[in-house]
Amino acid sequence: MSTVGKIYNKNMIRFIKPILKFFVKSNAVKSLVIGLLEDYAASTETDIDNEIVALVKEKLWPVT
(Lines give C-alpha, C1' and ligand atoms only; values in the text may rest on other atoms or scores of the structure.)
Protein backbone atom coordinates (compact mmCIF):
# COMPACT_ATOMS: atom_id res chain seq x y z
CA MET A 1 0.00 0.00 0.00
CA SER A 2 1.31 3.44 -0.85
CA THR A 3 1.99 6.16 1.67
CA VAL A 4 -1.03 8.09 0.44
CA GLY A 5 -3.23 5.04 0.96
CA LYS A 6 -1.95 4.57 4.51
CA ILE A 7 -2.62 8.22 5.35
CA TYR A 8 -6.11 7.97 3.82
CA ASN A 9 -6.91 4.84 5.86
CA LYS A 10 -5.63 6.44 9.07
CA ASN A 11 -7.76 9.55 8.46
CA MET A 12 -10.85 7.47 7.66
CA ILE A 13 -10.45 5.47 10.87
CA ARG A 14 -9.97 8.68 12.84
CA PHE A 15 -13.24 10.01 11.34
CA ILE A 16 -15.34 6.84 11.63
CA LYS A 17 -14.24 5.66 15.09
CA PRO A 18 -16.22 8.25 17.14
CA ILE A 19 -19.32 7.61 15.05
CA LEU A 20 -19.07 3.86 15.64
CA LYS A 21 -18.51 4.39 19.37
CA PHE A 22 -21.72 6.44 19.50
CA PHE A 23 -23.81 3.85 17.65
CA VAL A 24 -22.43 0.86 19.56
CA LYS A 25 -24.12 2.18 22.69
CA SER A 26 -27.56 2.13 21.06
CA ASN A 27 -30.04 -0.67 21.71
CA ALA A 28 -30.55 -1.16 17.96
CA VAL A 29 -26.90 -2.10 17.43
CA LYS A 30 -26.92 -4.31 20.51
CA SER A 31 -29.99 -6.11 19.13
CA LEU A 32 -28.29 -6.51 15.76
CA VAL A 33 -25.18 -8.02 17.35
CA ILE A 34 -27.25 -10.43 19.47
CA GLY A 35 -29.33 -11.44 16.46
CA LEU A 36 -26.25 -12.16 14.36
CA LEU A 37 -24.67 -14.16 17.18
CA GLU A 38 -27.87 -16.16 17.73
CA ASP A 39 -28.15 -16.96 14.02
CA TYR A 40 -24.56 -18.14 13.93
CA ALA A 41 -24.93 -20.20 17.12
CA ALA A 42 -28.03 -21.87 15.69
CA SER A 43 -26.08 -22.93 12.61
CA THR A 44 -23.49 -24.91 14.60
CA GLU A 45 -23.76 -28.24 16.37
CA THR A 46 -21.97 -27.24 19.58
CA ASP A 47 -23.54 -25.80 22.72
CA ILE A 48 -20.64 -23.62 23.82
CA ASP A 49 -21.54 -20.89 21.35
CA ASN A 50 -25.10 -20.79 22.72
CA GLU A 51 -23.63 -20.22 26.18
CA ILE A 52 -21.42 -17.43 24.84
CA VAL A 53 -24.44 -15.75 23.22
CA ALA A 54 -26.31 -15.95 26.54
CA LEU A 55 -23.32 -14.41 28.33
CA VAL A 56 -23.02 -11.57 25.82
CA LYS A 57 -26.76 -10.92 26.03
CA GLU A 58 -26.57 -10.82 29.84
CA LYS A 59 -23.65 -8.36 29.74
CA LEU A 60 -25.30 -6.09 27.19
CA TRP A 61 -28.62 -5.99 29.05
CA PRO A 62 -27.97 -6.72 32.72
CA VAL A 63 -31.03 -7.54 34.80
CA THR A 64 -31.36 -4.98 37.57
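Guide: A helix here is a DSSP run of H or I of at least four residues, and helices are numbered from the N terminus. Alanine 42 has its place in one of these, helix H2. Please keep in mind that the model is a predicted one.

Visitor: Why does alanine 42 count as exposed?

Guide: Exposed means over 50% relative accessible area. Alanine 42 has 63% relative accessibility, so it counts as exposed.

Visitor: What makes H2 roughly antiparallel to H3?

Guide: The axes of H2 (residues 27-42) and H3 (residues 48-60) cross at roughly 170° and come within 9 Å. Angles over 145 degrees count as roughly antiparallel, and therefore H2 is described that way relative to H3.

Visitor: Which residues make that contact?

Guide: From H2 come Lys30, Ile34, Leu37, Glu38, Ala41 and Ala42, and from H3 come Asp49, Asn50, Val53, Val56, Lys57 and Leu60. By class, that is 7 nonpolar, 1 polar and 4 charged residues.

Visitor: How do you know that the span of H2 agrees with its number of residues?

Guide: The expected span is 1.5 Å times one less than the number of residues. For the 16 residues of H2 that should give 22 Å, and the end C-alpha atoms are 22 Å apart, so the two agree.

Visitor: What puts the buried residues of H2 on the same side?

Guide: The buried residues of H2 are Lys30, Ile34 and Ala41. They cover an arc of only 30° around the axis, and so they lie on the same side of H2. The face turned away from that buried side carries the exposed residues Ala28, Leu32, Leu36, Asp39 and Tyr40.

Visitor: Why is lysine 57 called partly exposed?

Guide: Buried needs under 20% relative accessible area and exposed needs over 50%, with partly exposed in between. Lysine 57 has 35%, so it is partly exposed. Lysine 57 has its place in helix H3.

Visitor: What is lysine 57 in contact with, leaving aside its neighbours within four places in sequence?

Guide: Its partners are Ile34 and Glu38, and contact means heavy atoms within 4.5 Å.

Visitor: Moving on to proline 62, is it buried or exposed, and how do you know?

Guide: The cut-off for exposed is over 50%. Proline 62 has 54% relative accessibility, so it counts as exposed. Proline 62 is found in the segment after H3.

Key
Residues are numbered from 1 along each chain as its sequence is written. This is a predicted model: local features need pLDDT of at least 70, side-chain atom pairs count only at pLDDT 80 or more; totals for chains, interfaces and linings use all residues. Side-chain values use heavy atoms; hydrogens and water are left out. Axes are lines fitted to C-alpha atoms, for helices over the stretch in contact, and angles run from 0 to 180 degrees between N-to-C directions. Helices (H or I, at least four residues) and strands (E, at least two) are DSSP runs, numbered from the N terminus. Angles under 35 degrees count as roughly parallel, over 145 as roughly antiparallel, 65 to 115 as roughly perpendicular and the rest as oblique. Ala, Val, Leu, Ile, Met, Phe, Trp, Tyr, Cys and Pro count as nonpolar, Asp, Glu, Lys and Arg as charged, and the others, Gly among them, as polar. Buried means under 20% relative accessible area, exposed over 50%, partly exposed in between (1.4 Å probe, protein chains only). The arc is that of the directions from the helix axis to the C-beta atoms.
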